[in-house]
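Reader: Please take me through one part of this model in close detail. I would like the charged contacts first, then whatever surrounds them.

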Amino acid sequence: ATMKAFAKNSLPGLIRLYFDNVRFVNSNRDDVKFSMDFLTEIENVIEAWFDFTKFNGGLPILPGSLRSFSVIYCGLTGTLEHLVDNTEASLDRVWLTGNKFTGTVPEKISEHPL
């Protein structure tokens, strides 16, 4: 089973997810990285923090319930567009330091009042 299927079937009621500094290994104790796409399947999550946990790829489409999101030094790449793809999402706290994002900050985020 994939991580995405696991999240959809096993974690639907989860509202807070903390994977800070987690290292995933296979049976040979080799480091394993996977995408963050599983987060899309956790529909009720309001807080998700993954600081220092290494992933492949970029940001997933975030659940509409998500309010607080932290991915400090997670090895993520790509753009920040998925931060605003879900029109239901209402993030009020986001931490993105230490990744390799490219492009510009989406207008919806850059105009958010402080």
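**Salt bridges, rings and backbone**

Author: Arg93 and Glu47 form a salt bridge, with the closest N and O atoms 3.1 Å apart. Arg93 sits in strand S5 (residues 93–95) and Glu47 in strand S2, so the pair ties together parts that are 46 residues apart in sequence. Keep in mind that the model is predicted.

Arg93 has 38% relative accessibility, so Arg93 counts as partly exposed. Glu47 has a relative accessible area of 10%, so Glu47 is buried; the cut-off for buried is under 20%.

Arg93 has another partner. Its side chain meets that of Asp92 in a salt bridge, at 3.8 Å from N to O. Asp92 is exposed, with a relative accessible area of 53%. These contacts belong to a network of salt bridges that links Arg16, Glu47, Asp92 and Arg93.

How many salt bridges does the whole structure hold? The search finds four. One of them joins Asp31 to Arg23, where the closest N and O atoms are 2.4 Å apart. Both Asp31 and Arg23 are exposed.

Now to the aromatic rings. The structure holds eleven aromatic pairs. Take Phe50 and Phe69. Their ring centres lie 6.5 Å apart and their planes meet at 70 degrees, so the pair is edge-to-face; the cut-off for that class is over 60 degrees. The pair links distant parts of the chain. Phe50 lies in the loop between strand S2 (47–49) and strand S3 (68–70), Phe69 lies in strand S3, and 19 residues separate them.

Are these two residues buried or exposed? Phe50 is buried, at a relative accessible area of 0%. Phe69 is buried too, with 0% relative accessibility.

Most residues other than glycine have a negative phi. Phe52 has a positive phi, near 70 degrees. Phe52 is in the loop between S2 and S3. Its relative accessibility is 44%, so Phe52 counts as partly exposed.

Tyr73 also has a positive phi, of about 50 degrees, although Tyr73 is not a glycine. Tyr73 is in the loop between S3 and strand S4 (77–78). With 39% relative accessibility, Tyr73 counts as partly exposed.

Methods:
Residues numbered from 1 in each chain as written. Predicted model: local features only at pLDDT ≥ 70, side-chain atom pairs only at ≥ 80, totals over all residues. Heavy atoms only, no water. Phe/Tyr/Trp six-rings, centres within 6.5 Å; stacked < 30°, edge-to-face > 60°. Helix = DSSP H or I, 4+ residues; strand = E, 2+ residues; numbered from the N terminus. Buried < 20%, exposed > 50% of the residue type's maximum accessible area, 1.4 Å probe, protein only.
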